[in-house]
Amino acid sequence: ALYRIIFEELLILQLGLFMFKSGRTESKGIQFNSQDGLKEIIDSLAFKLTKAQANSLNEIILDMESDKVMNRLVQGDVGSGKTIVAMLALANCVLNGYQGAIMAPTEILAHQHYISFNEVLSNFGITSELLVGSLTKKQKGNILERVKNKEIDILIGTHALIEDKVEFDNIGLVVTDEQHRFG
């Protein structure tokens, strides 16, 4: 019975992905360039990327250098380094002159991302900001204005990122962390 349930879940997922891909027209994506600054960021990390992290990042960078729209799933156990891969992909986006966003399912996780992104990326002039529901109207307004004026490179938050009021100047990459928890 367990194998049957697993099979059905995977079948439904595959059919849904097939329907999604077959129903959309192929549009041109943003073609990013290779950036030396990304290597500097990687070299500054307090640890060395694992082989799996480096492979995932390299595949993502190759997708970013192509002119096809990227739609990628990075899957791994808790603590396997999915967040650092997402951070580096977003840094590559910013180094190419675009803005990025990462959406987390909870304010706690969004706040953790905000701290870790700032620890690594602020040394390279990449600005990150946190947009969550618990901010005051004035704080949100300030952040929204700065995002619109491209004063914020990476916006980190919860579902607050997909509200109508959020306008990016030039967004190039969106990461949804733990997408399955959004329903």
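Here are some questions and answers about the predicted model above.

User: Thanks! In what order do the four strands of the open sheet stand?
Analyst: Strands, like helices, are DSSP runs numbered from the N terminus (helices are H or I with at least four residues, strands E with at least two). Two strands pair if DSSP finds at least two bridges between them. The pairing in this open sheet is parallel, and the order is β2-β3-β1-β4.

User: Which strands stand at the edges of that sheet?
Analyst: An edge strand here has a single partner strand, so one side of it is left without a neighbour in the sheet. Four bridges join β2 to β3 (residues 154-157), and five bridges join β1 to β4. The strands at the edges are β2 (128-131) and β4 (171-176).

User: And is strand β1 enclosed or open, and how many of its residues are buried?
Analyst: Buried means under 20% relative accessible area, exposed over 50% and partly exposed in between, with a 1.4 Å probe and protein chains only. Gln99, Ala101 and Met103 point one way from β1, while Gly100 and Ile102 point the other way. Strand β1 (residues 99-103) is largely enclosed by the rest of the structure, because the buried residues number five of the five.

User: Which residue in β3 is the bridge partner of Gly100?
Analyst: β1 and β3 run parallel and are joined by four bridges. In β3, the partner of Gly100 is Ile154.

User: At roughly what angle do the axes of α2 and α4 cross?
Analyst: Axes are lines fitted to C-alpha atoms, for helices over the stretch in contact, and angles run from 0 to 180 degrees between N-to-C directions. Contact means heavy atoms within 4.5 Å, and Gly37, Leu38, Ile41 and Ile42 in α2 meet Leu88, Ala91, Asn92 and Leu95 in α4. The axes of α2 (residues 36-44) and α4 (residues 82-95) come within 9 Å and cross at roughly 145°.

User: One last thing: what is the relative accessible area of Ala110?
Analyst: Ala110 lies in helix α5. Leaving aside neighbours within four places in sequence, Ala110 is in contact with Ala104, Leu130, Val132, Ile156, Gly157 and Thr158. His113, also in α5, counts as buried at 4% relative accessibility. Ala110 is buried too, with a relative accessible area of 0%.

Notes:
Residues numbered from 1 in each chain as written. Predicted model: local features only at pLDDT ≥ 70, side-chain atom pairs only at ≥ 80, totals over all residues. Heavy atoms only, no water.
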